[in-house]
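Open the model in your viewer and keep the selection tool at hand. The stops below can be followed in order.

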Amino acid sequence: MGVADHSKNAFTELQRKKVHRYVIFKIDEKKKEVVVEKTGGPAESYEDFAAALPENDCRYAVYDFDYVTSENCQKSKIFFIAWSPSTSRIRAKMLYATSKDRFRRELDGIHYEIQATDPTEMDLEELRNRAN
């Protein structure tokens with residue numbers, strides 16, 4: 001499974017330039033590569049991000065999580081989320097599961113990874129707990 005150049009570029013824009021709050025990727029089965037499906041601007045919330053994930057299909061996503069530490073420092077961590085809802089097709093789950101490590105290696109600078117099968121496994125509280 002290949003990774004489209006614009007997928008790597010979108011991740012770099014999120015990581016270095018803070019152009020995006022999140023990037024959602026999908027596998028284009030015809031091209032056999034991971035492509036950008038949607039990006040969210042810096043002002044978009046975590047709720048906007050979660051709502052942008054499909055209810056019945058798998059996706060990869062990166063989310064730039066801003067938080068304040070107990071020492072009152074502004075920090076940012078990048079989360080890689082492998083979204084694989086239990087209602088998605090078996091074939092899609094298999095395709096995303098077998099392609100994940102290869103794709104993940106292309107994105108240098110991920111701090112945490114979450115495997116989620118329903119929204120509660122990737123709620124904002126889960127991100128806070130991991131980041132602190």
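Two strands pair if DSSP finds at least two bridges between them. Helices (H or I, at least four residues) and strands (E, at least two) are DSSP runs, numbered from the N terminus. This is a predicted model, in which local features need pLDDT of at least 70 and side-chain atom pairs count only at pLDDT 80 or more, while totals for chains, interfaces and linings use all residues. Residues are numbered from 1 along each chain as its sequence is written, and side-chain values use heavy atoms, with hydrogens and water left out.

**The whole chain.** Select residues 1-132. The chain over this range is 34% helix and 32% strand, and its end C-alpha atoms lie 34 Å apart. An unreviewed UniProt entry annotates residues 1-132 as "domain: ADF-H"; such annotations may be inferred rather than shown by experiment, and positions are given in the numbering used here, with feature names shortened.

**The sheet.** Colour the strands next. Six of them form an open sheet of mixed pairing, in the order β1-β3-β2-β4-β5-β6. At its edges are β1 (2-3) and β6 (112-116), each pairing on one side only.

Select β1 together with β3 (residues 33-40): the two pair in the parallel sense over two bridges. Here Gly 2 stands opposite Glu 33 of β3.

**Val 35.** Stay in β3 and select Val 35. Is Val 35 buried or exposed? Val 35 counts as buried because its relative accessibility is 9% (buried means under 20% relative accessible area, exposed over 50%, partly exposed in between; 1.4 Å probe, protein chains only). Leaving aside neighbours within four places in sequence, its contacts (heavy atoms within 4.5 Å) include Ala 4, His 6, Ile 24 and Phe 25.

Move to β5 and β6, which run parallel and are joined by five bridges. Trp 83 stands opposite Ala 116 in β6.

**The cysteines.** Finally, select Cys 58 and Cys 73. Cys 58 counts as buried because its relative accessibility is 0%, whereas Cys 73, at 36%, counts as partly exposed. How many disulfides does a search of the whole structure find? The search finds zero, a disulfide being a pair of cysteine sulfur atoms within 2.5 Å.
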